[in-house]
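Hi everyone, thanks for making time for this. I'd like to walk you through a few side-chain features, so please have the viewer open.

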Amino acid sequence: MQNVRTEKFRVANVDCANCAAKIEQNLKKIPGVREAVFDFANLTLHVQAADMEAVIDEAHRVEPDIELISAKTRPGQEDTAFTPYRSLWLLGVSVALFLILLGIEFGMIPHLMTEVEIGIAVVAYLLAGWNVLAGAFRTIRRGNLFDENVLMVIATAGAFGIRAYEEAVGVMIFYKIGELLQDLAVNRSRRSIQALLAARPDTAHRKTATGFEAVSPESVAVGDEILVKPGDKVPLDGEVISGRSQLDSSALTGESVPVSAKPGDRAMAGQINTTGALSVRVTRPFSESSISKVLDLVENAAARKASTEKFITVFARYYTPAVVAGAAGVALIPPLVVSGAGFQEWIYRALVLLVISCPCALVVSIPLGYFGGIGRASREGILVKGSNYIDALTRVKTVIFDKTGTLTRGVFEVKDVISKNGYSEDQLLEFAAAAESHSNHPIAASIRQAFEKTGRRIDTDLVSEHTESGGKGVRVQYKGHTVLVGSDAMMHMAEIPHRRCEFDTTVAHVAVDGEYAGYLLIGDQLRPDAAAAVKGLRKEGVEHIAMLTGDNTCAAESVAHRLGLDGFHANLLPEDKVARFEAIQAEMRNGGKIAFVGDGINDAPVIARADIGVAMGALGSDAAIETADVVLMTDAPSKMADAVRIARRTRTIVWQNIFLALSVKGLFVVLGIMGLASMWEAVFADMGTAVAAVINSTRTLGRRRNTDRPAQSKGVAA
């Protein structure tokens, strides 16, 4: 069995969205092709296939002029300059000849010989439509009669056949003008989209024995030292080893508040150094850096198509043949069955239908709309992995949050030490710190920190038999004593008598040699925008907002009450979270989607199980980016509301385009059949609709900052 390869190609010489759709359809029919997605908005072809040569050959068979360039080049760097100078020059000559024809028609210029007038019309027609004719010839040679070029040639040739010379030339000219305007609008959209990828660093200043040399970021190895000058982009992820500065993270996170950088702090590729020079030791190669992940996610998002895009592709496949069949019926049936109906009149009406039949307005504008929405989200620090998730976000009716590290900061601090049964506070803190000396949990770190503030340290050689008990706590041997530190559930499991079980904050109970020694109250603060997140989600129509946590019931209830949540579930072990989430899913009656928002590592199983899994504050976490469908790149839960808002705006614009295109086309089909629309009006309507839809799609890229959210003091999550 052949190995399946995954390739991404930059595509050149394909300027027709319908052609791109046909290439995609034909590639999917090749044996061994698992996936073929032509992203016309970004001029990229995504392919998974066993035989890549067969894919390239088929692409050239469908579109002989196509160029497929392996996407090893830097994203956002390819030249998309729109230079229609030759077409404009030929079109100008054609327009001049067309004006002569109109002058003759309206008596402003004396009539010439009929043959001369026909010759002028033919020359004007060929100058305006030479590439349309060439495209039609190539399409017919491949046995396809439903290409827009073929339909335009049939329509205009038919106009010549019924001696409507001016209309034949005029329709071709206006069709070409519409194509140029459409190409200009698409190119402008594409440049706007590619501007989102401009955060990619181009140069790194690597330290050598003789000084610093400018090199590409890809050539810098882990452990190398680089210099980041004021105003430069940080080229690779690393640790600051000298210098102090402020780093602008807006290209990565959408947050404009700079973060401070000093020795020991983390610097991330894509941040902009604003004040002082920094020396940075590289900790990751460029291919694994933060900005590389962002660019890869944004660029590849179009490979996951929304159901609307898939529907439009299928619709276009059947729509054009249906209109052509209808046009044939309009041309032939009335003259044969209706008394007094002439072939010339009904053939003309059929030609109007052919002119209005091109599906480009739909095929171009809808992918552009979705990609613009994905780009808009990324600019606000929200990575959406595909337009299918844009659609899913619009149908979210239930959002479940993790508590610690998501709605709360997850930065724990021991607030109080309450000793019992003759133990002193110092003894209690020492036993707790010893038990947590081998744990990397944030609560354990806060206990060790509190103990170290007393000026003492735990001798880890005295700690043995470290045993964790499934999310409940830990048991160790320390200085000859058996020490238990954990939740109320662990105390009950070990049958340790204690008077108080419920607290409105996080608590760590301590038992020594089977006797209750006391407890530590550990504080965790709500995130500043947690309330804004709940308010924003309700504003976007989310009906049920709840929380899952491993913390105790009182602490969970306190958070839920302060935020106004609809419910919470506490005392959950990691495996219990999945079971509880599935129970909530089963109880849903609103028919919408359910999203889970977590910190991306501990919550990975629930994130994977959700309709839309959202990892928050997870930039740099491979597990989060791999598992989640949406990645919020800061510690702000309110970004979830922003994600839903952007998705709904994008979906609205997409459906505006669908309604605009179908209503205009439907109207002109009716007017054409009734004889109330000319070919000129039809081509104006067709190309005007395409241009208007493309321009409307660019609105998804518009920025609207959410002023309800408190300013963040921190730009990028660790």
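When I say salt bridge today, I mean a side-chain nitrogen of Lys or Arg within 4 Å of a carboxyl oxygen of Asp or Glu. And please keep in mind that what you see is a predicted model.

With that cut-off, the side chains of Arg645 and Glu380 qualify, because their N to O distance is 3.5 Å. Where do these two sit? Arg645 belongs to helix H22, residues 639-674, while Glu380 is in the loop between helix H11 (360-379) and strand S14 (382-384), so the bridge ties together parts that are 265 residues apart in sequence. Buried or exposed? Arg645 is buried, at 10% relative accessible area, and Glu380 is buried too, at 1%.

How many salt bridges does the structure hold? The count is 19. Let me pick out two others from that set. Arg538 and Asp566 meet through their side chains at 3.2 Å, N to O. Arg538 lies in helix H17 (residues 530-539) and Asp566 in the loop between helix H18 (553-563) and strand S23 (567-569), so here the parts tied together are 28 residues apart in sequence. Arg538 is partly exposed at 32%, and Asp566 is partly exposed at 39%.

Arg61 and Glu58 form a salt bridge with the closest N and O atoms 2.9 Å apart. Both lie in helix H2, residues 52-62, three residues apart, which is about one turn of the helix. Arg61 is partly exposed at 40% relative accessibility, whereas Glu58 counts as buried at 17%.

Now to the rings. A pair of aromatic rings is described by the distance of the centres and the angle of the planes. The structure holds seven aromatic pairs. One of them is Tyr423 with Phe431, edge-to-face, at 6.3 Å centre to centre and 85° between the planes. Tyr423 is buried at 18%, and Phe431 is buried at 9%. Phe431 also pairs edge-to-face with Tyr478, at 6.2 Å and 90°. That pair links distant parts of the chain: Phe431 is in helix H14 (residues 425-435) and Tyr478 in strand S18 (residues 473-478), 47 residues apart. Tyr478 is buried, with a relative accessible area of 3%. Elsewhere, ring pairs link Phe98, Phe174 and Phe684 into a cluster.

Leu462 is 16 residues away from Tyr478 in sequence and 5.7 Å away in space, C-alpha to C-alpha. Leu462 is in the loop between helix H15 (442-452) and strand S17 (463-469), and it is partly exposed at 40%. Beyond its neighbours within four places in sequence, Leu462 contacts Gln477, Tyr478 and Lys479.

Next, His509, in strand S20, residues 506-512. His509 is buried, at 0% relative accessibility. A polar contact of 2.7 Å joins its side chain to that of Tyr516. Leaving out residues up to four places away in sequence, His509 touches several others, including Asp488, His498, Arg500 and Tyr519.

Last stop, the surface. Leu332, Ile333, Leu336, Val337, Val338 and Phe343 make a nonpolar patch of about 600 Å². Helix H9, residues 307-337, gives the largest share, with four residues. Leu332 is in helix H9 and is partly exposed at 48%.

That's my tour, and I'm happy to take questions!

How values were computed:
Residues numbered from 1 in each chain as written. Predicted model: local features only at pLDDT ≥ 70, side-chain atom pairs only at ≥ 80, totals over all residues. Heavy atoms only, no water. Patch = residues over 30% accessible without salt bridge, like charges linked within 9 Å, V, L, I, M, F, W, Y side chains within 5 Å. Areas by Shrake-Rupley, 256 points an atom, 1.4 Å probe, with all protein chains shown as cover. Helix = DSSP H or I, 4+ residues; strand = E, 2+ residues; numbered from the N terminus. Buried < 20%, exposed > 50% of the residue type's maximum accessible area, 1.4 Å probe, protein only. Polar contact = N/O pair within 3.5 Å; in protein donor to acceptor, adjacent residues only side chain to side chain. Contact = heavy atoms within 4.5 Å. Phe/Tyr/Trp six-rings, centres within 6.5 Å; stacked < 30°, edge-to-face > 60°.
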